[in-house]
Amino acid sequence: MNSVTRSLRSKCFNSGWQRSFSVTAPDNATHSCKLLVVGGGSGGCTIAAKFARRLGKDAVIVLEPSCDHYYQPLWTLVGAGITSVASTRRSESSVLPAGARWLRDSAACVDPKNQEVTTANGDQIRYEYIVVSVGLQNDYDKVPGLSEALQHKDSGVSTIYSPDYCEKTWSDMRQLKGGEAIFTYPDTPIKCPGAPQKIAYLADSWFNKANVRSKTNITYNTCLPVIFGVKKYADVLLKVVERKNIKVNYTTVLKELHVDKKEGVFVSTKDKSKTFVQPYDMIHVTPPMKTPDFLHNNKDITDASGYLEVDKFTLQHTKFPNMYGIGDCINTPNSKTAAAIAKQCYVLEHNLLSTMAKDNPKQKYDGYGACPLVTSYNTCILAEFLYDGVVHETMPKCKLLIVGGGTGGCSVAWRFSNKLKNSEICVIDPAEFHYYQPLFPLVAAGIKEFDQSKKPLRSVLPPGVCCIKDYAWHFDPCNHVVHMHGGDEIYYDFLVVSVGLINDYYKISGLKAALDDPCSCVTTIYSPEHCQKTWSAIQRTAGGHAIFTFPRDGAKCSGAAQKIMYLADDYFRKNKKRDLLNITYNTGSDAIFGVPKYAKALERVASARTVAVNTCCELVEVTPKHAVFVDASGMPITLPYNFLHVTPRMSPPTGLAQSQLADETGYLDVDQYTLQHRQFSNVYGLGDCTNTPNSKTAAAVARQSHVVEQNLWATMQGRQPSAKYDGYGACAMMTSYRTGILAEFRYDKQPCETFPFDQSKERKLFYYMKRDYFPYLYWNKIIKGKWNGPKKLPRLSNPFRTKK
């Protein structure tokens, strides 16, 4: 029995195997296996699995000494406390294919001329074909003091590049209470070159969470002259380090550690004579790396640096055609990432099969690599590139891109999920939650709980639709692309913009600070962050002057500011505080409501509630005790307040307002009837961000989404849009805890009522519809694209009435 047989019998988990010959009949006497895979990492396991299926049982041997297989990209998250080392580890036997044979040993020497590998234990394995995938090893000894420091619990020195020490990084981050935190990048090729930055960014986020960031200086020392090797991502990362206030020292390498003094000695890569000492409280070291000794010392198969010498396209060895290489140990000039190995495996599989068939390899590896550059605990940049730093992003061009995951965006996504494949639809929105905003006044009046107004955004979108948690930074409709804040670009065939409006708090001096002060009595129902504060402030108000405001231009749901006022009035009455309070409604508009019929009704309600209504009165400043307004002539009016509810001015997001898609006021420029963009026919819009002259309410979006569905589908089919939006809008106005008015109207400001009776009259029906029916309708019908707006109910006549 020869040596390899003894070795395999003693070391393989299947100890009954005694074969020592190839499955290729003519070579039975001379070969141990058809294919020898040296290394059981990502590349080795993948190739072994591919060829074990193709070549049959016992044809493949995997030479791997470790019992454990690690998913190393997760070590960064281990270092940031997001997961554990145990979650990154599987037993090697569980990831190797059953059809391959695993020899728990490592290569000591490769003799390519005789097609033989000698193992560390002295065994010989003869192969027909060989794939080398042994990765890189940490060369700790190249930095004096590093190895000892890593083993010392309280040294403040750690690395995420080893399962033995990556949890130490998390421990060091938690223990740091301030001082100097240094992150290094060595002057050798390393695996996952983005990881040293990732852990620095995550450390910044942790220090902010732990309230020690203001006392901590973060420095990133890199041997490179740039922060990242691909210019597009380097430009984005420069903004990241600037925003995070991380100092970057370029062309700088860690030379030595003085652990007793907690100092790192660094040297310039441009001038080796220049060194400097940097003290640290915590230092994360990316160690220099090298190929295993059997490669480094074998000049027949490696280049001058010890890397396996292969053709960078075919991955075949430049001298020995039956040898291939994959992963970090080869001399291809690509970024050494796990994503690169996936592409390399495909190329290698097909080329090795060609070689086995005595044909020339034809598949070419283009240098593809990818690096998810985590920049915080909830953001990431996905860098993808080819040889020479050519950007190659694989985010597919979507058929339909929807920017905005609010009412309009969700409704359109659901409507087209029945017409397109869900994989062809993409929604961009930075929010974690989707809010039913018409419920905010009820939350502010203590009628509903805040949690009833929100659901996770992903849960209200159609299953399978791509949802990207980011916001549009720039629209480029000429090239059919949207640039996102995180640096990604999304290409589209058709675009729907439904980004709503944002609150411009800073257009009213002092407002933001007053809203953020939990002790102030300044509130608003127009944001999820502050609507709960309104209820608290109402309950605390015992007397004095209560003011409610609405701006002249740029606000959604003009009735909401009055709803909370009437509900507050009713609360004050129920709790016997109303006689101690004066209530004022100041609006920048020239009427209490934009539709004359309902304006008259609301004037009667305000009069009956003894609410003072001031028109053409615009809020411009908030101080701790006074609200400053200007009248139609520009004269300032200062009013004291004990309670102040503000409707902030609003505007479209900057990304839209500054794009080619916007009109001169910053709103999406669409035809008011078809909702198609006036210049770009493949772009549609709906909701608050458009320049249509309708009231900006959720009810309007229900009707608009139906029109967009019909017209966009026609555009996709090459036809002209024909459906028309008539400007329908509605506002269910609560006037007390038991009554309401239901306003419905069109572009011409004429009522367009659903019920066969006067809806401007206060009724209990409208209160209960607002409280109970409309939320059900919204969550189950409107945002799922199943509601096109109400149909007018017929006016019923009395069949028993006697005709005169």
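**Ground rules.** I'm working with a predicted model, where local features need pLDDT of at least 70, side-chain atom pairs count only at pLDDT 80 or more, and totals for chains, interfaces and linings use all residues. Residues are numbered from 1 along each chain as its sequence is written, and side-chain values use heavy atoms, with hydrogens and water left out.

**Entry one: N245.** I looked up the backbone here and found a positive phi of about 60°, although N245 is not a glycine. N245 lies in the loop between α8 (231–244) and β13 (247–249). Helices are DSSP runs of H or I with at least four residues, strands are runs of E with at least two, and both are numbered from the N terminus. Is N245 buried or exposed? N245 is exposed, at a relative accessible area of 61%. (Buried is under 20%, exposed is over 50%, partly exposed is in between, with a 1.4 Å probe and protein chains only.)

**Entry two: T610.** I found a positive phi of about 55° at T610, which is not a glycine either. I placed T610 in the loop between α16 (596–608) and β34 (611–614). T610 counts as exposed, with 54% relative accessibility.

**Entry three: the sheet.** I traced an open antiparallel sheet of 3 strands, in the order β14-β15-β16. β14 (252–258) and β16 (275–279) are at the edges with a single partner strand each, so one side of each has no neighbour in the sheet. Two strands pair if DSSP finds at least two bridges between them. I noted 6 bridges between β14 and the antiparallel β15 (residues 263–268). Which residue in β15 is the bridge partner of L257? It's G264.
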